[in-house]
Amino acid sequence: MKRKRWVRERRLLVSRQKRYFRNSLIFLAVMLLSAGSAAYARYYQLTNLTSDDAKVVVQGYLLTEDLEQKLTTIKEGGSIEKVYPQFQEVSSLLVTYGNRPVSAGLSEEGSKLLTRYYVSMKDVGMNLSTLTQEQLANKEILESYLKDISKIKERRKAVFTYFKVNESALKQKN
């Protein structure tokens, strides 16, 4: 009688141990899966633009291209009177987009690149918005602003490279 009871308890104990072991393995697998997905989510957040930042980068791209086109038109002898109102609007939009804060979830390097890009857009936009039509007729001033726009393009290229933005898609959109 004692032997039967002992065998039954032993069988129950072994089955309980198997169940605990199986449940422990399942828990460990779920925990590893959760930790891996959390790590990937954080990595994705650090290395990809948020939708707000993406909008600003795209608008900055379009505005700087438009601004460069307008400056080139003026430099090549185009009518300043026709381009000036659009020129003022574009430069004020650059200031607006340049004033936006960078998302807090980005990596330190990505945040620095984006901040430099925003600040350069804002500075050029502020300087251009204060120009008069007479100052725009000066070729030296136009050349200096075209150089500033090329600096913005360099920073933009660094941002595009870091965040893997497809510039050819933006060129088609433009």
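This is a predicted model: local features need pLDDT of at least 70, side-chain atom pairs count only at pLDDT 80 or more; totals for chains, interfaces and linings use all residues.

1. Let's start with a buried residue. Leu136 has a relative accessible area of 0%, and 0% falls under the 20% cut-off, so Leu136 counts as buried. Leu136 belongs to helix α5, which covers residues 133-136. Which residues does Leu136 touch, once neighbours within four places in sequence are left aside? The contacts are Leu71, Ile74, Ile80, Tyr84, Phe87, Leu131 and Leu142. Further along the chain, Ser150 comes 14 residues away from Leu136, and the C-alpha atoms of these two are separated by 18 Å.

2. Beyond its neighbours within four places in sequence, Tyr84 is in contact with Leu131, Thr132, Gln133 and Leu136. Take Leu131 from that list: Tyr84 and Leu131 are 47 residues apart in sequence, while their C-alpha atoms are 9.7 Å apart in space.

3. Now for the overall picture. Along the principal axes, the C-alpha atoms fill a box of roughly 110 × 25 × 20 Å.

4. How much of the chain is buried? Of the 174 residues, 31% count as buried. The chain exposes about 11700 Å², and carbon and sulfur atoms supply 55% of that area. Among contacts with a separation of 6 or more, 79% are between residues 24 or more positions apart.

5. On to charge. The protein chain carries 30 positive and 18 negative side chains, and the centres of the two sets lie 28 Å apart. Side chains of opposite charge can pair when their charged atoms come close. The structure holds six salt bridges, and the next points go through some of them.

6. Arg156 and Glu65 meet through their side chains in a salt bridge, at 2.9 Å from N to O. This pair links distant parts of the chain, with Arg156 in helix α6 and Glu65 in helix α2 (residues 51-75), 91 residues apart. Is Arg156 buried or exposed? Arg156 counts as buried, at 3% relative accessibility.

7. Lys153 forms a salt bridge with Glu68, and the closest N and O atoms are 2.6 Å apart. Lys153 lies in helix α6 and Glu68 in helix α2, so this pair ties together parts that are 85 residues apart in sequence. Lys153 counts as partly exposed, at 25% relative accessibility.

8. Lys75 pairs with Glu143 in a salt bridge whose closest N and O atoms are 2.2 Å apart. Here Lys75 lies in helix α2 and Glu143 in helix α6, so the pair ties together parts that are 68 residues apart in sequence. Both residues count as partly exposed, Lys75 at 34% relative accessibility and Glu143 at 30%. Salt bridges that share partners also join Glu65, Glu68, Lys153 and Arg156 into one network.

9. Ser107 is placed in the loop between α3 (80-98) and α4 (108-129), and counts as buried at 13% relative accessibility. Leaving aside neighbours within four places in sequence, Ser107 is in contact with Leu46 and Tyr162.

10. Lys164 is the other, in the loop between α6 (139-163) and α7 (167-173). Lys164 is exposed, with a relative accessible area of 66%. What is worth checking in its backbone is phi, which is near 55 degrees, a positive value in a residue other than glycine. Most residues other than glycine have a negative phi.

Methods: Residues are numbered from 1 along each chain as its sequence is written. Side-chain values use heavy atoms; hydrogens and water are left out. Buried means under 20% relative accessible area, exposed over 50%, partly exposed in between (1.4 Å probe, protein chains only). Contact means heavy atoms within 4.5 Å. Accessible areas come from the Shrake-Rupley method with a 1.4 Å probe; for residues, only the protein chains shown count as cover. Lys and Arg count as positive and Asp and Glu as negative; His and the chain ends are not counted. The place of a charge is taken as NZ of Lys, CZ of Arg, CG of Asp or CD of Glu. Helices (H or I, at least four residues) and strands (E, at least two) are DSSP runs, numbered from the N terminus. A salt bridge is a side-chain nitrogen of Lys or Arg within 4 Å of a carboxyl oxygen of Asp or Glu.
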